[in-house]
Amino acid sequence: MTSQAPDMKIFPDTPVRAPSAVPLDDAVLPFEVASLDLRGRLTRLGPALDDVLTKHDYPPPVGKLLGEAIVLATLLGSSLKFDGRFILQTQTDGPVSFLIVDFQAPDRLRAYARFDAQRLKDGQDSGALLGKGHLAMTIDQGPDMSRYQGLVALSGGSLEDAAHEYFLRSEQIPTRVRLAVGEEWRGGGEGPRHYWRAGGMLLQFLPKAPERARQADLHPGDAPEGILAHTVAEDDAWVEGQSLIATVEDVELIDPDLSGERLLYRLFHERGVRVFPPLPLRAKCSCSRNAVASMLASFAPGDRADMVKDGKVVVTCEFCSSVYEFTPQEAGVE
């Protein structure tokens, strides 16, 4: 079924149609399973993800990890109802010490990873690549509004684990996330080469009666020995929702021949699923020559002078690898 937006009232005569067989990349597809009080979003990324990752020629494990972070950022950032920014960032002691994904509503993506190539080893999973540190998720509503930031400790788990911990502690909304990234080999005029693909799904339990979404209290930590942990029986609808999303395989999330609508139909057709208009995504950096010039102007004169090499100032954008060259005069060097 289709509707104009997830928060609009759905009438009984909403038209029913077969799920589209046409795959749509670089988009977020909101959906609803009303009979189970479930809302969710499905992300499929192709050319936009490939554009972001190939600009830096990341080693495959680093590219896969950054791809997961990009998918997670689109699942969370696409819910913004205003023209703001959602920034996902990790700082850890692992081989991949820094990740940042900048999602600017409604559709612009850029991302970057910093890593130590000498510490990369075969067989490392995302938890080993990240190590210990923290994940920060920031919502920036503009210069006239306060920022909101949520922090989650990373202790060797995956980004999926971190997302679940974030929603448990910060949002207190029963949530499950699935992330998948892979490489597709495709022929062309210059011979075969690989293309990055990714997909992800976020599922949330949002019943009208809030008591149905109650969760157990957080672990008491230093509570006296013998104190029983608080438990709450999960709602049957949420148990079913978790069971269904657990059946999603990585290959289904990234399959270029499987449309997002057909995947959702596979999962929820027995209960009935409504999909809403897709939200397009694109790889687009916000850097520009004027922005870089303004950044240079913020430095002290002595610092700008130190930037001059071979008679010019060269600045490379970490996100998109664009190179901007300035004469000393243009850079404000006296």
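Let's start at one pair: T92 stands opposite G133 in strand 6. Keep in mind that this is a predicted model, where local features need pLDDT of at least 70, side-chain atom pairs count only at pLDDT 80 or more, and totals for chains, interfaces and linings use all residues. Residues are numbered from 1 along each chain as its sequence is written, and side-chain values use heavy atoms, with hydrogens and water left out.

Confidence next. pLDDT is the predictor's confidence in each residue, from 0 to 100. The chain averages 88, and 89% of its residues reach 70 or more. Residues 1-11 stay under 50. For that stretch the model has 23 contacts beyond four places in sequence, a contact being heavy atoms within 4.5 Å.

Now the sheet. Strands here are DSSP runs of E, at least two residues; helices are runs of H or I, at least four; both are numbered from the N terminus. Two strands pair if DSSP finds at least two bridges between them.

Strand 3 (residues 85-92) and strand 6 (residues 132-140) run antiparallel, joined by eight bridges. Within strand 6, M137 is the bridge partner of L88. On to strand 7 (residues 148-155): it pairs with strand 6 over eight bridges, again in the antiparallel sense. There, H134 has A153 as its bridge partner.

Strand 3 also pairs with strand 4, antiparallel, over seven bridges.

Put together, six strands make an open sheet in the order 7-6-3-4-5-12, with mixed pairing. Which strands stand at the edges? Strand 7 and strand 12 (282-283) do; each has a single partner strand, so one side of each is left without a neighbour in the sheet. Helix 4 (residues 159-171) packs on the sheet and touches strand 6 and strand 7. The direction of helix 4 makes about 130 degrees with that of strand 7.

Next, a helix pair. Two packed helices are described by the angle between their axes and the distance between the axes. Axes are lines fitted to C-alpha atoms, for helices over the stretch in contact, and angles run from 0 to 180 degrees between N-to-C directions. Helix 1 (residues 47-54) packs against helix 2 (residues 60-77) at about 130 degrees, axes 11 Å apart. Helix 1 and helix 2 are therefore oblique to each other. For the cut-offs: under 35 degrees is roughly parallel, over 145 roughly antiparallel, 65 to 115 roughly perpendicular, and the rest oblique.

Who makes the contact? L49, V52 and L53 from helix 1, with G63, L66, G67 and I70 from helix 2.

Last, the backbone. Most residues other than glycine have a negative phi, and most peptide bonds are trans. D26 is not a glycine, yet has a positive phi of about 55 degrees. D26 sits in the segment before strand 1 (27-33). The peptide bond from A105 to P106 is cis, with omega near 10 degrees. Find P106 in the loop between strand 4 (96-104) and strand 5 (108-115).
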